[in-house]
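Here is a short walk through one part of a fold. Keep the model open while you read.

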Amino acid sequence: MSTAHEESTVMTDSDSESTHPVLRTVRHALGSVLARVYLAVCAILTVWAVVVSLGDNPDASFAGVVPLIATAPLSLIVIVLPDHTSMIFVAIGLGALVNAVVIGWCARALGR
């Protein structure tokens with residue numbers, strides 16, 4: 001006879017094993033300090049670009065290019081996305097996430 005505690009432990013263990021392999025890889029890759037630092041830098045660059053773009057200075061028109069370059073090559077999908085301001089943030093977010101996973105995967109592979 002099993003207790004409720006043992007049944008909940010068994011269910012929890014089976015839930016973690018049923019996680020999709022891609023999600024597990026992403027979770028492990030984003031566990032790297034280097035990947036998290038890269039994501040933080042991308043977030044800071046994006047905030048900086050928004051603040052500078054709202055200002056009234058001559059460099060304001062090119063400020064949005066900096067986070068796009070930092071998250072390239074995937075962020076270049078902004079070229080084919082619909083023409084809306086939110087699509088720039090989608091492209092930067094996707095590019096940063098993919099690059100962070102690659103950085104984390106490389107750091108993990110080199111750490112072995």
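This is a predicted model. Start at serine 75, in the loop between helix H4 (65-70) and H5. Is serine 75 buried or exposed? Its relative accessibility is 0%, so serine 75 counts as buried; the cut-off is under 20%. Its side chain makes a polar contact with the side chain of threonine 71, at 3.1 Å. Leaving aside neighbours within four places in sequence, serine 75 is also in contact with Leu68, Ala91, Ile92 and Gly95.

Now move to the partner. Threonine 71 is found in the loop between H4 and H5. Threonine 71 has a relative accessible area of 1% and is therefore buried. Which residues does threonine 71 touch, leaving aside its neighbours within four places in sequence? They are Tyr38, Cys42, Ile92, Gly95, Ala96 and Asn99.

Helix H3 spans residues 33-54 and helix H5 spans residues 85-111. They pack at an angle of about 160°, and their axes are 8 Å apart. Angles over 145 degrees count as roughly antiparallel, so H3 is roughly antiparallel to H5. The crossing of H3 past H5 is right-handed.

Look at the residues that make the contact. H3 supplies Leu34, Ala35, Tyr38, Leu39, Cys42, Thr46 and Val50. H5 supplies Phe89, Ile92, Gly95, Ala96, Leu97, Asn99, Ala100, Ile103, Gly104 and Ala107. By type, the residues of this contact of H3 with H5 are 13 nonpolar and 4 polar, with no charged ones.

Technical notes:
Residues are numbered from 1 along each chain as its sequence is written. This is a predicted model: local features need pLDDT of at least 70, side-chain atom pairs count only at pLDDT 80 or more; totals for chains, interfaces and linings use all residues. Side-chain values use heavy atoms; hydrogens and water are left out. Axes are lines fitted to C-alpha atoms, for helices over the stretch in contact, and angles run from 0 to 180 degrees between N-to-C directions. Helices (H or I, at least four residues) and strands (E, at least two) are DSSP runs, numbered from the N terminus. Angles under 35 degrees count as roughly parallel, over 145 as roughly antiparallel, 65 to 115 as roughly perpendicular and the rest as oblique. A crossing is left-handed if the near helix is turned anticlockwise from the far one by less than a right angle, and right-handed if clockwise. Contact means heavy atoms within 4.5 Å. Ala, Val, Leu, Ile, Met, Phe, Trp, Tyr, Cys and Pro count as nonpolar, Asp, Glu, Lys and Arg as charged, and the others, Gly among them, as polar. Buried means under 20% relative accessible area, exposed over 50%, partly exposed in between (1.4 Å probe, protein chains only). A polar contact is a pair of N or O atoms within 3.5 Å; within protein, one must be able to donate a hydrogen and the other to accept it, and residues adjacent in sequence count only if both atoms are side-chain atoms.
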